[in-house]
6 protein chains.
Amino acid sequence: MTALHPETDVLRTEYQKSVAAYWNNNPNDARVNTVLGEVDGLYHHHYGIGAPDLSVLEGPEDTRQERLVKELHRLETAQADLLLDHLGDIGPDDRLMDGGSGRGGTSFMANQRFGCRMDGVTISEYQAGLANDQARDRGAADKVRFHFENMLDTGFESGVMRGIWTNETTMYVDLYELFAEFSRLLKPGGRYVCITGCSNDVFGARSASVSWIDARYGCNIHPRSEYFKAMAANNLVPVSVTDLTPDTIPYWELRTHSELATGVEEPFLTSYGEGSFQYLMIAADKVGR
Amino acid sequence: MTALHPETDVLRTEYQKSVAAYWNNNPNDARVNTVLGEVDGLYHHHYGIGAPDLSVLEGPEDTRQERLVKELHRLETAQADLLLDHLGDIGPDDRLMDGGSGRGGTSFMANQRFGCRMDGVTISEYQAGLANDQARDRGAADKVRFHFENMLDTGFESGVMRGIWTNETTMYVDLYELFAEFSRLLKPGGRYVCITGCSNDVFGARSASVSWIDARYGCNIHPRSEYFKAMAANNLVPVSVTDLTPDTIPYWELRTHSELATGVEEPFLTSYGEGSFQYLMIAADKVGR
Amino acid sequence: MTALHPETDVLRTEYQKSVAAYWNNNPNDARVNTVLGEVDGLYHHHYGIGAPDLSVLEGPEDTRQERLVKELHRLETAQADLLLDHLGDIGPDDRLMDGGSGRGGTSFMANQRFGCRMDGVTISEYQAGLANDQARDRGAADKVRFHFENMLDTGFESGVMRGIWTNETTMYVDLYELFAEFSRLLKPGGRYVCITGCSNDVFGARSASVSWIDARYGCNIHPRSEYFKAMAANNLVPVSVTDLTPDTIPYWELRTHSELATGVEEPFLTSYGEGSFQYLMIAADKVGR
Amino acid sequence: MTALHPETDVLRTEYQKSVAAYWNNNPNDARVNTVLGEVDGLYHHHYGIGAPDLSVLEGPEDTRQERLVKELHRLETAQADLLLDHLGDIGPDDRLMDGGSGRGGTSFMANQRFGCRMDGVTISEYQAGLANDQARDRGAADKVRFHFENMLDTGFESGVMRGIWTNETTMYVDLYELFAEFSRLLKPGGRYVCITGCSNDVFGARSASVSWIDARYGCNIHPRSEYFKAMAANNLVPVSVTDLTPDTIPYWELRTHSELATGVEEPFLTSYGEGSFQYLMIAADKVGR
Amino acid sequence: MTALHPETDVLRTEYQKSVAAYWNNNPNDARVNTVLGEVDGLYHHHYGIGAPDLSVLEGPEDTRQERLVKELHRLETAQADLLLDHLGDIGPDDRLMDGGSGRGGTSFMANQRFGCRMDGVTISEYQAGLANDQARDRGAADKVRFHFENMLDTGFESGVMRGIWTNETTMYVDLYELFAEFSRLLKPGGRYVCITGCSNDVFGARSASVSWIDARYGCNIHPRSEYFKAMAANNLVPVSVTDLTPDTIPYWELRTHSELATGVEEPFLTSYGEGSFQYLMIAADKVGR
Amino acid sequence: MTALHPETDVLRTEYQKSVAAYWNNNPNDARVNTVLGEVDGLYHHHYGIGAPDLSVLEGPEDTRQERLVKELHRLETAQADLLLDHLGDIGPDDRLMDGGSGRGGTSFMANQRFGCRMDGVTISEYQAGLANDQARDRGAADKVRFHFENMLDTGFESGVMRGIWTNETTMYVDLYELFAEFSRLLKPGGRYVCITGCSNDVFGARSASVSWIDARYGCNIHPRSEYFKAMAANNLVPVSVTDLTPDTIPYWELRTHSELATGVEEPFLTSYGEGSFQYLMIAADKVGR
C-alpha cells in the first residue's frame with residue numbers, strides 16, 4: 001500500500017476519525033455489504049437500481065433469503081454498471097480513480113471492463129487492506145491499487161486521471177474541497193461521475209427523514225444545489241444528469257423483505273416518497289487548464 | 001397585446017434592435033421556418049431530433065421535397081415534445097412562459113397538452129402579432145397570449161409561473177440576466193427547461209465553426225459551463241441534463257438534402273463532429289423563496 | 001393579527017409547512033415548554049444557562065418535580081435576560097422584532113424592560129394567536145403584537161427596527177435569506193442578537209449526535225462558520241461573540257432529572273461533550289445604508 | 001530553445017492545437033505579416049495606428065503597392081512604439097515578457113530601446129524557431145529568447161518580470177487564466193500593457209461583424225468588460241486606458257487599397273463604424289505581494 | 001428644492017452628519033473655494049490642472065495675490081472642462097447628474113456647454129441653497145436644479161441619466177454603494193466620469209501623507225484598485241483612464257505661493273512626489289440592462 | 001536568526017520599508033515602549049486594559065512618574081495576559097507564532113506560561129535582533145526565536161502552528177493576505193487571537209480622529225467589518241469577540257498624566273468617545289483541511 005501521507009494527515013479531524021472507525025470496525029450495519037459481496041466477490045457499499053425480479057419473494061421459504069440476496073446484489077451491480085457507462089471512452093492506458101473505494105467492488109468492475117489502471121482511495125485502512133488482498137488474489141495487483149488516503153488530499157500528481165467517480169461517498173466530505181482536488185487530478189477533458197443521495201432543495205430544507213439517515217450513518221447528506229455550485233466553482237461542467245429515484249425505490253422495497261434489513265429502509269422510502277430526498281447521477285467534464 | 005413596457009424599454013441596445021429587425025423582417029433565412037410551419041400550422045424556430053425516416057429521400061422526385069419538409073417538421077415537433085415532457089406535472093390552473101416564443105409553435109403545443117395558461121414573450125413585434133392572430137383563430141386567445149416584451153425584463157409579477165422554457169433562444173441574451181429574471185418569475189419549486197446549442201468547453205474555446213454560426217445568425221452562443229454557472233448563481237438547480245447531439249445530427253444530415261438548406265448545415269455538422277458544439281437539454285428547479 | 005401576506009406566502013415549501021404543523025399541533029415534545037411557562041406566564045421555547053441550584057434535587061420527593069420545573073424555568077429566563085442585555089440602549093420609542101417568537105416569552109420580557117414596541121413573528125398561526133391573547137390579557141396589545149408571518153419575508157417596511165433577535169430559531173431557515181431580510185429591516189447601526197445551537201466546524205463535520213437532534217426536531221442545525229459568512233455577506237458585523245456551552249451544560253444535566261425529560265438530553269450532552277456542538281451568542285451591528 | 005514543458009503540456013486542448021497549427025502553417029492569411037516584415041526585418045502580427053501618409057496612393061502605379069506596404073508597416077511599428085511607451089522606466093537589468101510573441105517584432109524593438117532581457121512566448125513552435133534564428137543573426141541571443149510555451153502556464157519563476165505585454169494575442173485565451181499567470185510573473189509594482197481588439201459592451205452583445213472576425217481567425221474576441229473584471233480579480237490595476245479606435249480606422253481604410261487585403265478589412269471597418277468593436281490599450285500595475 | 005427624502009434619510013450616519021456640517025459651516029478651509037469662485041461666479045471645490053502661467057508670481061506685489069487667485073481659478077476651470085470633455089455626445093434633451101455638486105461650478109459649466117438638464121446632488125443643505133439661488137439668478141432654474149440628497153440614494157428614477165460625474169467627492173462615500181446607485185440611474189450606454197485623488201496601491205498601502213489629508217478633510221481616500229473593483233461589480237466599464245498627477249503638481253506648487261494656502265499643500269506635494277497618491281480621471285460606460 | 005527569505009523579499013513595497021524604518025530607528029515615539037519595558041524586561045508595543053490604580057497620581061511628586069510608568073506597564077501586561085487566556089489549551093509540544101513580535105514581550109510571556117515553542121516574526125531587523133539577544137539572556141533561545149520575516153509570507157511550513165496571535169499589528173497589512181497566510185500556517189482546529197484597534201463601521205466611515213492616528217503611526221486602521229470578512233474568506237471562524245473599548249479608556253486617561261504622553265492620547269480618547277474607534281479582541285478557530 002502506498003503511503004504518500006502519514007496517518008495523521010489522512011485523518012485530520014475528529015469527524016474523519018469517526019467515519020474511518022465506523023468502516024474499519026466492520027459493524028453490524030455493514031453486514032448487508034458483506035453478505036451480498038459474497039455472491040460473486042464484488043463487495044459494494046452502495047445501493048441498487050432497476051426493476052427487481054419479484055418472483056424471488058415467492059417459492060420455497062428456506063431459500064427465499066438466498067434468492068433475495070442474489071437479487072439485491074444484482075441490482076447493486078447494475079447500479080455500478082450504469083456509473084461506468086458514463087465515464088466515456090476509457091482505454092487500457094488510461095488511469096481511473098475511485099473516491100471512497102471501500103472493498104473495491106466498482107474498481108474491479110472498471111478494471112475488468114476497460115483494462116485500465118485503477119486507483120482506489122479510502123480512509124478505512126482495514127478496507128484498503130482487504131481490497132489489496134483481493135487484487136492480489138485476482139492477479140490484478142499490477143493495475144489495481146487501493147490507498148489508505150483521504151480523497152480530499154490524495155497526494156497523486158496533477159492532471160493524471162482520465163476519469164474519477166464517487167459512488168455514494170460524497171456525503172462524508174465537503175464538496176468544495178473534494179471537487180477542487182478532483183479538478184486538480186483530472187486531465188483537461190477528463191470525466192467525473194457521481195452517484196449520490198442528496199436532499200431535494202425543492203422540499204425547502206433537510207427533512208427529518210434525511211436527518212435520520214445522517215444520524216444513522218454519521219454522514220452529512222448535501223442538498224442537490226450544493227453539487228452544482230461546487231462543480232461550477234471548480235471547473236467541472238455537467239454533461240448528463242439523471243434522477244435515479246424512481247429506479248431505486250423498488251430496490252428499497254425489496255430490501256424490506258430481507259433479513260438483512262437494518263431499519264434504515266423506512267427513512268429512505270419515506271424521504272423518497274415525500275420528495276425530500278433524491279438518488280442522483282451526475283457526469284461532468286473537467287474544463288480549462 | 002399587453003404593453004407593460006414602452007418599445008424603447010423592450011429594445012434597449014443596438015444589438016437587441018438588430019436581433020428584432022432580423023426576425024421582424026422575416027428574411028430569406030427564416031423561409032425554412034415558414035415552409036415547415038405550413039405543414040400543420042405550428043411554426044417553429046428550432047431544430048429537430050430523433051431518427052429520420054430516410055425513405056423520404058427515395059421515391060418520386062417531384063414530391064421528394066414535400067416529403068422532406070414533412071419529415072423535418074416531424075423531427076422539430078418531436079424536439080418540442082421532448083421539451084414539454086420535462087416540465088413536470090402541469091395542470092389547467094398553472095401558468096407557463098415561453099421565453100423567445102417566435103410564432104408560437106411550442107406555446108400552442110403546451111396549451112393543447114396541459115390546458116394551461118400560456119404567455120409567450122418575444123422582441124419581434126411582428127412575430128408576436130402573427131402568433132396572437134393565430135391564437136384568435138384557434139379560439140385559444142383567452143389562455144394563450146404573446147407579448148412584445150424582452151424576456152430579460154418581462155414586467156410580469158414575481159412567483160407566478162409554474163414553468164418556463166427557452167427553445168434555442170438563450171444565445172441572444174446574457175444568461176445571468178436571463179436566469180435572474182426567470183428565477184424571479186418562477187414559483188418555489190417551479191421548473192425551467194432549456195434546449196440550446198452550446199459551445200463545448202472541453203474543446204478549449206469557441207471554434208471557428210461555432211463563430212461562423214454566430215456570425216450567420218447574429219447570435220452569441222454560450223459555452224456549456226456558462227449555463228451551469230448562471231443557474232448556480234440564480235437558484236436554479238438542474239434535475240436532468242441530456243446531451244442531444246447524437247439525436248440531432250441525423251436531422252442536419254437530412255436537411256442538407258432539402259432545397260431549404262441555407263448553407264448553415266455545414267458549420268453545424270462540422271462543429272458537432274469535431275466536438276466543439278453540443279445540443280443540450282437542461283431541466284432545472286427553482287429553489288429558495 | 002396583521003395579515004401582510006396570504007397564508008400561501010407565509011408557508012411556501014413543504015418543509016415550512018412541516019415546521020409550522022409541528023408547533024401548531026403543540027406536540028408532546030412541547031410539553032416541557034408549556035409546563036415551565038405556567039410558572040409565571042412567560043412561555044419560552046429555548047434552553048437555559050447559568051449555575052443551577054442543585055438543592056432542588058434534594059428534600060421532599062413529592063414536590064421535587066415542582067422545584068425542578070421552577071429551577072429549569074429560572075435558567076431559561078436567565079438566558080433570555082442575557083440576550084436582552086446585548087441589544088444596546090433601547091428606549092420606549094424604539095421598535096424591536098423577535099424572529100420566531102413562539103408564545104412570546106422573550107417578547108414580553110423585552111417590552112417590560114424597555115417599554116418599546118415589540119413585533120413577534122412566527123409561522124405557527126396557533127402560537128401567534130396564543131401570544132396575542134396574552135398581550136391583550138397583559139394590557140400590552142397596543143405595543144406588543146404577534147404576526148403570522150415568515151421571518152424570511154416579514155412584509156415590514158425597511159429600516160424600521162432598532163433591534164432584532166432570534167432565540168434558537170435560526171436552525172429552521174437559510175441564514176443568507178434570513179440575514180438579508182434582517183439587514184433590510186434594521187436601521188443603520190441597529191443591533192441583531194442571536195442565540196443558537198450550532199455545529200462546531202472544528203469537529204470536522206456534523207456529528208451523528210447533532211444529526212439526531214436535527215431528526216428529532218425536524219430542524220437544520222448550521223455550522224458555526226455559516227453564521228459568520230452569512231453575516232459578512234449581509235452587512236451585519238459582530239461586536240460580541242460568547243460561547244455559552246459551559247453555561248448550558250448544567251441546565252441539561254439538571255433536566256435529565258425531570259419527568260419532563262424527552263430523551264433529547266442525551267444527544268445534547270454527548271455533542272456538547274465531544275465538542276461537535278456549541279451554544280453560541282452573537283451580537284452584531286447593521287452597517288452601511 | 002528552453003523546454004520547460006513537454007509539447008503535450010504546451011498545447012492541451014483541441015482549440016490550442018488548432019491555433020498553433022494556424023500560425024505554424026504560415027497560411028496565406030499571414031502573407032501580409034510576412035511582406036510587411038520584410039521591409040526592415042521587424043515581423044509584426046498586429047495592426048497599425050496613426051495618420052497615414054495618403055500620398056502613397058498617388059504617383060506611379062508600378063511602385064504604389066511597395067509604397068503602401070512601407071506605409072502600413074510604419075503604422076504597425078508606430079503601434080508597437082506606443083505600447084512600449086507605456087511600460088514605464090525599464091533598465092538594462094530588467095526583464096520583460098512578450099505574451100504571444102510571434103516572430104518577435106515587438107520583442108526586438110523593446111530590447112533595442114531598453115537594452116533589457118526579453119522573453120518571448122508563443123505556442124507556434126515554427127515562429128519561436130524563426131524568431132530565435134533572428135535573435136542569433138542580430139547578435140542578441142544572449143538577451144532575447146523565444147520559448148515554445150503557453151502564456152497561460154509559462155513555467156517561469158514567480159515575481160521576475162518588470163513588465164509584460166500582449167499585442168493582439170489575448171483573444172486566443174481565457175483572460176482570468178492569463179492574468180492569474182501574469183500577476184504571478186510580475187514583480188510587485190510591475191507593469192502590464194495590453195493592446196487588443198475587444199467587443200464593445202455598450203453595443204449590447206457581440207455583433208455579427210465581430211463574430212465574422214472570430215470565425216476568420218479562429219479566435220475568441222472578449223468584451224471590453226471582461227478585461228477589467230479579470231484584472232480586478234488578479235491584482236492588476238489600470239493606470240491608463242486609451243481607446244485607439246479612431247487612430248486605427250485610417251490604417252484599415254488604407255489597407256483596403258493594398259493587394260495584401262484579405263477581405264477581413266470589411267468586418268473591421270463595419271464593426272468599428274457601428275460601435276460594436278474597439279481597439280483598446282490598457283496599462284495596469286501589479287499590486288499586492 | 002425637491003425633497004424626495006426627509007433629512008434623517010439624507011444623513012444617516014454620524015460620519016455623514018460630520019461631513020455635511022463641515023461644508024455647511026463654510027469653515028475657514030473653504031475660503032479658498034470662495035475667493036476663487038468670486039472671480040467669475042463659478043464656485044469649485046476641486047483642484048486644478050495644466051501648465052500655470054508662472055509670470056503671475058512676478059510683477060507688482062500689491063496685485064500678485066489677485067493674479068495668483070485668477071490663475072488658480074483658471075486651472076480649476078480647466079480641470080472641470082477636461083472632465084466635461086469626457087462625457088461623450090450630450091444634447092439638450094439629455095439629463096446629467098453632478099454627484100456632490102457643492103455650489104454648482106461644474107454643473108453650470110455643463111449646462112452652458114450642452115444646454116442639457118442638470119441635477120446637482122449634495123448633502124450640504126447650505127450649498128444646495130446657494131447653488132439654487134445662483135441658478136435662479138442665472139435664469140437657468142428651469143434646467144439646473146440642486147437637491148439636498150445623498151448621492152448614495154438619490155431617489156431619482158432608474159435609467160434616466162445620460163451622464164453622471166463626481167469631481168473629487170468620492171472620498172466621502174463607499175464606492176460599491178455609490179456605483180450601484182449610479183449604475184441604477186444611468187441609461188444603458190450612459191457615461192460616468194470621475195476625477196479623484198486616490199492612494200496608489202503600488203506604494204503598498206496608504207502612506208502617512210495620505211492619512212494626513214484624510215485627517216484634514218475628514219475624508220476616506222480610496223486606493224486606486226477600489227475604483228476598478230467597484231466598477232467591475234456594478235456594470236461600469238472604463239473606456240478612458242488618465243493619470244493627471246503630473247498635470248496637477250504645478251497647480252499645487254503655485255498654490256504654496258498664495259495667501260490662501262492652508263498647509264494641506266505639503267502632504268499633497270509629498271504624497272504625489274513619493275508615489276503614494278495619484279490624481280486620476282476615469283471615464284466609464286454603463287453596460288447591461 | 002533564520003533567513004528563509006532575502007531582505008528584498010521581506011520588504012517588498014515602499015510602504016513596508018517605511019514601516020520597518022520607523023521601528024528600526026527606534027524613534028522618540030517608541031520611548032514609551034522602552035521606558036515601560038525597563039520595568040521588568042517585557043517590552044510591549046501595545047496598549048493596556050483594566051481598572052488603573054489611580055492612587056499612583058497622588059503622593060510624592062518626585063516618584064509620581066515612576067509610579068505611573070509601573071502602573072501603565074501593569075495594564076499593558078494585563079492586556080497581553082488576556083490575549084494569552086484565549087489561545088486554548090497549549091502544551092509544551094505545541095508551537096505558537098507572534099505576528100509582529102516587536103521586542104518580544106508577549107512572546108516571552110507565552111513561553112513562560114505554556115513552555116511551548118515560540119516563533120516571533122517582525123519586519124524590523126533591529127527589533128528581531130534585540131529580542132533574540134534577550135532570548136539568549138533568558139536561556140530560552142532553544143524554544144523562543146525571532147525572525148526577520150514578513151508575516152504575510154513567513155516561509156514556515158503549512159499546518160505547524162497550534163496558535164497564532166497579533167497584538168496591535170494588523171493595521172500595517174492587508175487582512176486578506178494576512179489571514180490567508182495564517183490559515184495556511186495553522187493546524188486544523190488551531191486558534192488565532194487578535195487584539196486590535198479598528199474603526200467602527202457603525203459611525204459610517206473612518207473619522208478624522210482615526211485618520212489622525214493613521215497619519216501619526218503611518219498605519220492603515222481597518223474597519224471592524226473587514227476583520228470578519230477576511231476571516232470568513234479564509235476559514236477562520238470566530239468563537240469569542242469582546243469589545244475592550246471600555247476597558248482601555250482608563251489606560252489612556254491615565255497616560256495623559258505621564259510625561260511619556262505623545263499627544264496621540266487625544267485622538268484615541270476622542271475617537272473612543274465619539275464611537276468611531278473600538279478596541280477589539282477576536283479569537284477564531286481554523287477550520288477545514
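View 1. Contact here means heavy atoms within 4.5 Å. In this predicted model, no contact joins chain C and chain D, and the closest C-alpha atoms of these two chains lie 18 Å apart.

**View 2. Chain B beside chain F.** Chain B and chain F likewise do not touch, their nearest C-alpha atoms being 18 Å apart.

**View 3. The interface of chain C and chain A.** Here 16 residues of chain C are in contact with 16 residues of chain A, and the area buried between the two chains is about 1,400 Å², of which carbon and sulfur atoms give 59%. On the side of chain C, the residues that lose the most area to chain A are Tyr15(C), Phe203(C) and Arg206(C), which together account for 37% of what that side buries.

**View 4. Salt bridges and polar contacts between chain C and chain A.** The count between these chains is 2 salt bridges, and one salt bridge is formed where the side chains of Arg206(C) and Asp214(A) meet, with an N to O distance of 2.5 Å. Across the interface of chain C and chain A, 8 residue pairs are found in polar contact, with both residues of each pair at pLDDT 80 or more.

**View 5. Elements on the side of chain C that touches chain A.** The elements of chain C that give two or more residues to this side are α2 (14-24) and α8 (208-217), and the largest share, 5 residues, comes from α8(C). Sorted by class, the side of chain C that touches chain A has 8 nonpolar, 5 polar and 3 charged residues.

Definitions and conventions
Residues numbered from 1 in each chain as written. Chains lettered and ligands numbered in written order. Predicted model: local features only at pLDDT ≥ 70, side-chain atom pairs only at ≥ 80, totals over all residues. Heavy atoms only, no water. Buried area = accessible area lost by both parts, 1.4 Å probe. Salt bridge = Lys/Arg side-chain N within 4 Å of Asp/Glu carboxyl O. Polar contact = N/O pair within 3.5 Å; in protein donor to acceptor, adjacent residues only side chain to side chain. Helix = DSSP H or I, 4+ residues; strand = E, 2+ residues; numbered from the N terminus. Nonpolar A, V, L, I, M, F, W, Y, C, P; charged D, E, K, R; others polar.
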